[in-house]
Amino acid sequence: METTFHGASYFYLVPVAIFLPLVLFGLWSFGLKDLFRRTDAEKRERRLDQIRRDKDAKRRLAKSGGLAVRPVTEPPRSVGSWIGRAIAYGAFAVVLGAFSNWPPYAYWPESTGQLKVSLSVPGDHKEACRKRTRDELAKLPPNMRAPMSCSRERFPVVLEASLDGSPLYRESREPTGLSKDGASAFYKKFPILAGTHEVAVRLSLDGGTTFPYILDHTLAIASGQAVVLGFGGVEKSLFLR
Amino acid sequence: MSELVSSPQPAAKWRRPFLAGLEAVEALFDKAFGQAWNPVRQAGTLAFFFFWIAAISGVYVYIFFETSVGGAFESIEYMTNVQWYAAGIMRSLHRYTSDAMVVAAGVHLVREFLLDRYRGARWFSWFSGVPVLWFLYASGISGYWLVWDQLAQYVAIGSMEWLDALGIFGEPSANNFLTRGSLTDRFFSLLVFTHIFVPLFLLFMMWMHVMRISSPRINPSRGLAFGTLGMLVVLSVLYPAVSHPKADLGMVPQVLDLDWFYMLLYPVFDAWGPGAMWAAALTVSVLAGVLPWLPPLRNPAPAKVLLDRCNGCARCFDDCPYGAVTMRARTDGAPYEKEAVVDAGVCTRCGICAGACPSSTPFRHGDDLLSGIDLPDAPLAGVKIRLTAALAQVDSIVAPPILVFGCKTGVGAKGVPVDGACSVILPCIGNLPPSFIDYALSRGGAAGVLLSGCRAGDCFERFGAEWTEQRLSGLRDPYLRGRIDRRRVRIAWSDVATTGDLIREVEAFQARLSTMGEEGA
């Protein structure tokens, strides 16, 4: 049984059949009708035609002699004007056609790949969590008796990366949020020459005091290839993907 | 009453060379298109028209569009290569029309800025135009995401990186494009949703943009509409839009064919970074938004109603192009039903209301010329003084004296350097009551009166020229009196695009009047 209509599945035609009339009605109300109905100028002209048929208006118009309402200049009909219009439309078409996809833009250098650093990781709490005492728990409302008490503020996260022994990137990011308790986010892109490189990455969650997360990786990157340096996964580690 | 005889202020000096350039460009298009179809003067209406084409073509393309990450690109390729005769053309039409809308909006913006049509009561239209541009760009860019080719990958990641700089998301939204498999159908559906609803918001803002204008013109002339639509269809057939290779988040696109109409700032973003781009974008937007209030502030007093001269005839109400005049029940006990009220916030000080007032006659004896409604900074009493003084200085021996009434933005704004001619400049030609023509001919000593204004179909105050034509033809109150010899009155805005044209009109008029004199008419 045929389930498509000229390449379009019937399934997708159902919302079109439902929403298309609504969209068309909206467009019609907003102004599409003006394309099909008479413009205000045409309505005025028709009203003037009716007025002109009125006797008084005829009398005044007769008295006005050569000052009848003059229409706005009609478009010229000479060969030169047709050629001029053709040139104008043609030039506009050329401009549209050309600049809609030309000149080309060299976005990324040739013979290079892209290393994209993108990670979002919360730093350690500035104060270590501690266990609440029995008396402290008793003072709290029953629904707020969490056994551990942790400060909200977190350390900034520090990320360092080097490429073939040379420093490539070092950034310290403050935690987001008004209480500085959100994750610290890193996002940066680097052009990397195609080939094999030694990448070393260190991540600190306590403002740079210690770097518990380390990644040393031999990276083979092709021209135009995109590689992502991130953090996460089941084992919560740095990765290159 | 003070004898205020100052003329309306001319354009600022720095603006004049640009205005001259704009006039030259418009004159060029006048030659090919005629004043009725001139696309430069109808750039705003063309932007609306292109929106409708983009909307209709977009609906058609959406019928065949697969809204999943895996199927979007293939569905676009199907439209482009298999159903090229319909969906392919619609796709190309959608793209090129969107680009054309950027061009039309840009021309419209530049034109309104150069014409100084953004201050005073016009601030709302200008101010509302700023979010229109933002939504226009958001609409176009979000559309490019949906193709899900390498260009879409570049634009989507760049856009997300730019938004992430605001720090409003818990996780960077660019992480949705990190690796192969990161982008889910759910997030892709969000992108599709964005491209449907942002253009609807754009339409809403476009409506806001014109809502404070009475009888806004949002449709181009039929001929121009058919011409531009035909041009876009031909372009779509001859040069169909094609996609880049399919997006691959494991690769980075190296060379891209950007749509420079929408993506001009992306290379700048790559070079400067998101923070600098946000600062630049917000600075430009704020500056653009406050432009109506930047010095020099020119805010002449709005039209003022003199109740003792107002009989509530509502002619000013009928003629006001901006709906600034309303009629309400009488408050001064006079034996009339209504009185006119001016909304100062909407009044653009064009003076068309004064031109419509039957009390605006210079033939009164014994008192100052006080109209039922008038401009305090450019009163009609001043016009009477100026025309009398101007005609008194004309050498009527050289040629029949011609009085030219012009407007501050029209062709004759700088006067007419012709022997035997003098000019009086008004805020708008619609500010001229027909009785002043009668006065100039019967009492002022003019042999002829020539009315000059903006180019045909382009009245700065929208209806000044049209109302004047109707008043002189006896089709709109107040009429030009029947006793006036119509051969001594001439309207000169059709086919008069430059000062040179106006000079030739005046000279031809003088020659005609001389002939009439010889004929003993």
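This is a predicted model: local features need pLDDT of at least 70, side-chain atom pairs count only at pLDDT 80 or more; totals for chains, interfaces and linings use all residues.

Trainee: Why is Tyr62(B) called partly exposed?

Mentor: Its relative accessible area is 35%. Buried requires under 20% and exposed over 50%, so a value in between is called partly exposed. Tyr62(B) therefore receives that term.

Trainee: Which helix gives the most to the nonpolar patch?

Mentor: Helix H7 (residues 185-210) of chain B does, with six residues. Tyr62(B) lies in helix H2 (residues 43-63) of chain B.

Trainee: How do you know that strands S6 and S8 of chain B pair?

Mentor: Two strands pair if at least two bridges are found between them. S6 (residues 402-407) and S8 (residues 448-452) of chain B have four bridges, in the parallel sense, and therefore pair. Val404(B) stands opposite Leu450(B) in S8(B).

Trainee: Why are S7 and S9 of chain B said to stand at the edges?

Mentor: The open sheet of four strands has the order S7-S6-S8-S9 (chain B). Strand S7 (421-426) and strand S9 (489-492) each have a single partner strand, so one side of each lacks a neighbour in the sheet. The twist averages 20° from one strand to the next.

Trainee: What packs on the sheet and touches S6 and S7 of chain B?

Mentor: Helix H14 (residues 380-393) of chain B does, and its direction makes about 165° with that of S7(B).

How values were computed:
Residues are numbered from 1 along each chain as its sequence is written. Chains are lettered from A and ligands numbered from 1 in the order in which they are written. Side-chain values use heavy atoms; hydrogens and water are left out. Helices (H or I, at least four residues) and strands (E, at least two) are DSSP runs, numbered from the N terminus. Axes are lines fitted to C-alpha atoms, for helices over the stretch in contact, and angles run from 0 to 180 degrees between N-to-C directions. Contact means heavy atoms within 4.5 Å. Buried means under 20% relative accessible area, exposed over 50%, partly exposed in between (1.4 Å probe, protein chains only).
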